[in-house]
Amino acid sequence: MRAIVIEDDLDIQGQIVERLKREGFAVDSADNGSEGLYLMQEYPCDVAIIDLGLPKMSGLEVIQTLRKQGNSIPILILTARGRWQDKVEGLDAGADDYLVKPFHHEEMMARLRVLIRRASGWSDSRILCSPVSLDTVTQRTYVQDRELDLTAFEYKVLEYLMLHAGEVISKTVLTEHLYDDDADNDSNVIEVFIRRLRQKLDPDESLQPIETLRGRGYRFTLARAEQP
Amino acid sequence: MILTAIALERAVVKRALQAEEDRLQLLIYSLLAAVDRNHAGLSITIADERLFESSLLTRNSGLYAMLYNNSNEQIWRSQSTLARFPDDFSIQSGEWQFNTPEFSGKPYFQLIFAIQWPNVNDKLERYNIVVWQEATEYFSQLERFRQTLWTWLIVTTLLLLIVMYFVMMWSLWPLKKVGLEVKAIEDRKQSGFEYSYPLEITPLTENLNILLSQEQYQRQRYRNAMDDLAHSLKTPLAVLSGLSDSDKNGVVDLKTLREQVNRMNQIVSYQLRKATNVAGAKINKPVNMVQIITKIVSALEKVYREKMVKVDSKLPAQIMIRMDESDCLEVVGNLLDNAFKYSAGRIAIIAAMLNENEMELRIEDDGRGLEQEEVQQILSRGTRLDQSSEGQGIGLAVVADIVRAYNIDMKFERSEFGGLRVKLIFQTV
């Protein structure tokens, strides 16, 4: 997943970016509203964390501009002002959730995961495309009752594909959403991860969970299941 | 006043001059009535015996009349005329000319009328009738009039100015008193306006007194909040200080660190919110609580979308309450946030009038509810914040604080759905 952090306090920004990277996110960051808006308009991302009190352009203005442009990226606002007036203002402007500073990073991650799932149409922390299930909180994956041993990147690829189950995801999109800008991007690596995932998910090739569409990308073929 | 005097003077002078001109005109008409042919029949003359103005027959009477022919030769003069008056005038036939010349050091009125009279050959010839009236007395009277007018004008103006000055001083005295009392308030010699002001000024001083008392109240609140904050922070700071001093081979007790940071965060949030609540001050503008409830519900439905909470609300179009909007948002926001957080899927918001001005607002959920002990802890949390354990939110404590300051009755009960019911009873506007 790719996240953007727009926060003018560089210490807080650094802490959030570091935590997100540890959780497997590719991260862009900006320390003022204008730059943040530009990054969000130009580059794809799956979730945004925006501080309200930003220089050059306030967080509220950034959110209002994005929503006016039809951008529906889930947004979590950070505010030092804990009054309900400010929370309501931020949510009215188009944010999806809020966090009052200081906050625990665990809470931030939990809210971010909810927003990402919500944007893909999932309401539960467990994504179920029977017989494969993926728990976004514990980051554990199962086929029926068999737990899979996935590397960090394999998990990231599978999570992205399952969140967008049924959609065609190109290699470019996968690369943009899963890699940091400074990483060595080689689309062949994606092919290697897809092959390894297929082997782990479907050793006897009976499920065919990931379909390759030549020239277009990949699609997770197993249907979304209703949550029990 | 000066303009009036000038206009009056001009009007009087003009009227007087007009009167003189009219009088001399009448005289000339009477002279015309006395016009006759002379003995030779070649010219005209004025018969003295036909003159009714006796001044013309008395020498140096001050009224003189002359008749001139076309060549400006004097062909007749009244018996009163001894001197030779100037005859350098030119006037068209049928015209009148009124002047105020000086002659021999005296002012005169002069009226000239040019007539045409047929001669023996029936040819029209032009003649000028000139009348001179000595004007010394006229100008003396005029001068006396001017002096009287201007003297009384100056006296009246001075009197008016003095009266106006005193009236102004008397009417502005209350404003001056306001200024003096403001200075006394700034110098802390008094805390508000004490003087009994006229009705026109009373709304100003009363409202200023309200403003001053609100400011003093708020200032005291901030002072108290800062005192409480400083006092409350000492304990967690002491713990953190102890952590940094303890000898554990440089290993930091993260659990304790986190606990104390949480505690400090709660203390700061609570005391700052308490300090900035406006409750207790006089609120003039009521707010519509229903609008605030709607706003908060809409925001919380967004945040808690996954819970798919069903909100049943039975509210009138408006509930007007004399409360600061920000404080109302805090009360409603915290109560509803709690309801959404702990609800299993159902929330009810119901308002009912208890009597004419008293409203009961109920917010209930189907969550786990609160034990009596927990209720007591919440209600006393504000005063015991530095002693409480970590892990509990301060939202309900903030609500308890605010409603207490607005004399709103708040009760916690078990909801019919099994969760918590919070009841607020308050006066509506």
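What percentage of the 429 residues of chain B count as buried? The share is 23%, where buried requires 20 or more other C-beta atoms within 10 Å of the residue's own, exposed means 12 or fewer, partly exposed lies in between, and C-beta atoms are placed from the backbone. The structure is a predicted model, in which local features need pLDDT of at least 70, side-chain atom pairs count only at pLDDT 80 or more, and totals for chains, interfaces and linings use all residues. Residues are numbered from 1 along each chain as its sequence is written, while chains are lettered from A and ligands numbered from 1 in the order in which they are written.

The model scores ipTM 0.79 and pTM 0.63. Chain B has an average pLDDT of 84, and 91% of its residues score at least 70; pLDDT is the predictor's confidence in each residue, from 0 to 100. Residues 383-392 of chain B fall below 50, and this stretch has 11 contacts in the model beyond near neighbours in sequence. A contact is a pair of residues whose C-beta atoms, placed from the backbone, lie within 7 Å. Where pLDDT is low, the predicted coordinates should not be read in detail.

Chain B contains eight helices and 15 strands. These are DSSP runs numbered from the N terminus (helices H or I, at least four residues; strands E, at least two). Among contacts in chain B with a separation of 6 or more, 60% join residues 24 or more positions apart.

Strand β3(B), residues 63-68, is mostly covered, with six of its six residues buried. L63(B), A65(B) and L67(B) point one way, and Y64(B), M66(B) and Y68(B) the other. β3(B) runs antiparallel to β8 (124-134) of chain B, joined by six bridges; pairing requires at least two DSSP bridges between strands. Here Y64(B) stands opposite W132(B). Three bridges link β3(B) to β4 (74-77) of chain B, again antiparallel, and M66(B) faces R77(B) across this pair. β3(B) and β4(B) form a hairpin with five residues between them, and N72(B) in the turn has a positive phi of about 60°.

An open sheet of five strands in chain B has mixed pairing and the order β10-β12-β13-β15-β14. β10 (310-314) and β14 (409-414) of chain B stand at the edges with a single partner each, so one side of each lacks a neighbour in the sheet. The twist averages 15° from one strand to the next. Angles run from 0 to 180 degrees between N-to-C directions, with axes fitted to C-alpha atoms, for helices over the stretch in contact. β12 (346-353) and β13 (358-365) of chain B are antiparallel and share seven bridges. Within this pair, A351(B) stands opposite L361(B). Helix α6(B) packs on the sheet, touching β12, β13 and β15 (420-427) of chain B, and its direction makes about 25° with that of β13(B).

The contact between the chains takes 13 residues from chain B and 13 from chain A. On the chain B side, α4 (254-276), α5 (289-303) and α6 (325-342) each give two or more residues. α5(B) gives the most, with five.

In chain A, helix α5 (105-119) has 15 residues. Its buried residues include M108(A), R111(A) and L115(A). The buried residues of α5(A) pack against β3 (47-51), β4 (75-79), β5 (97-100) and α6 (152-163) of chain A. G121(A) follows α5(A) and has a positive phi near 90°.

Technical notes. Contact = placed C-beta atoms within 7 Å. Expected span 1.5 Å × (residues − 1).
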